[in-house]
Amino acid sequence: ERLWQAITDPEETKKYFYGTAVDTDWKPGSPIVYRTGDVHELDGRVVEVVPNQRLVVTFEMTHNPAAKDDPPSRVTWEIEPRNDGVCKLTVTHDDFAEETATYQAVGGGWPYIISGLKTLLETGKPLAA
């Protein structure tokens, strides 16, 4: 539940997702925006929501001029509970039309985001920039 909250709560995402707050109603088909203030950094649509287990969204790099014409790709967050009281998080970013500007950019971004999320959950503090 704590991991799910960190993924879906805008006050939490600001702490590890490049300072952006996630904004959506979490209903399939609804828009999802990661924003800094009024600036859309990432846009997409909610595809699937299974609370505390699975979240699938489309992904468009609105903030990156090189990627503005790229078709949406897909991000899947999967949470698997384990017997030791912790859980496994798998994040898959796929459905790229080809090696687009988005494809080139996200390879460096996801390790920072996931490391920041892990640090936040383990220590209660954001990862130092």
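Predicted model: local features only at pLDDT ≥ 70, side-chain atom pairs only at ≥ 80, totals over all residues.
Author: Local features here need pLDDT of at least 70, side-chain atom pairs count only at pLDDT 80 or more, and totals for chains, interfaces and linings use all residues. Residues are numbered from 1 along each chain as its sequence is written, and side-chain values use heavy atoms, with hydrogens and water left out.

Reader: Why is T20 called buried?

Author: Buried means under 20% relative accessible area, exposed over 50%, and partly exposed in between (1.4 Å probe, protein chains only). T20 has a relative accessible area of 4%, so T20 is buried.

Reader: Why does Y112 count as partly exposed?

Author: Y112 has 31% relative accessibility, so Y112 counts as partly exposed.

Reader: What makes F17 and Y34 a stacked pair?

Author: Rings of Phe, Tyr and Trp (its six-membered ring) pair if their centres lie within 6.5 Å; planes under 30 degrees apart count as stacked, over 60 as edge-to-face and the rest as tilted. The ring centres of F17 and Y34 are 4.4 Å apart and the planes stand at 20 degrees, so this pair is stacked.

Reader: Why is the pair of F59 and W110 called tilted?

Author: F59 and W110 lie 6.3 Å centre to centre, with 45 degrees between the planes.

Reader: Which residues form one aromatic cluster?

Author: The cluster consists of Y16, F17, Y34, F59, W77 and W110.
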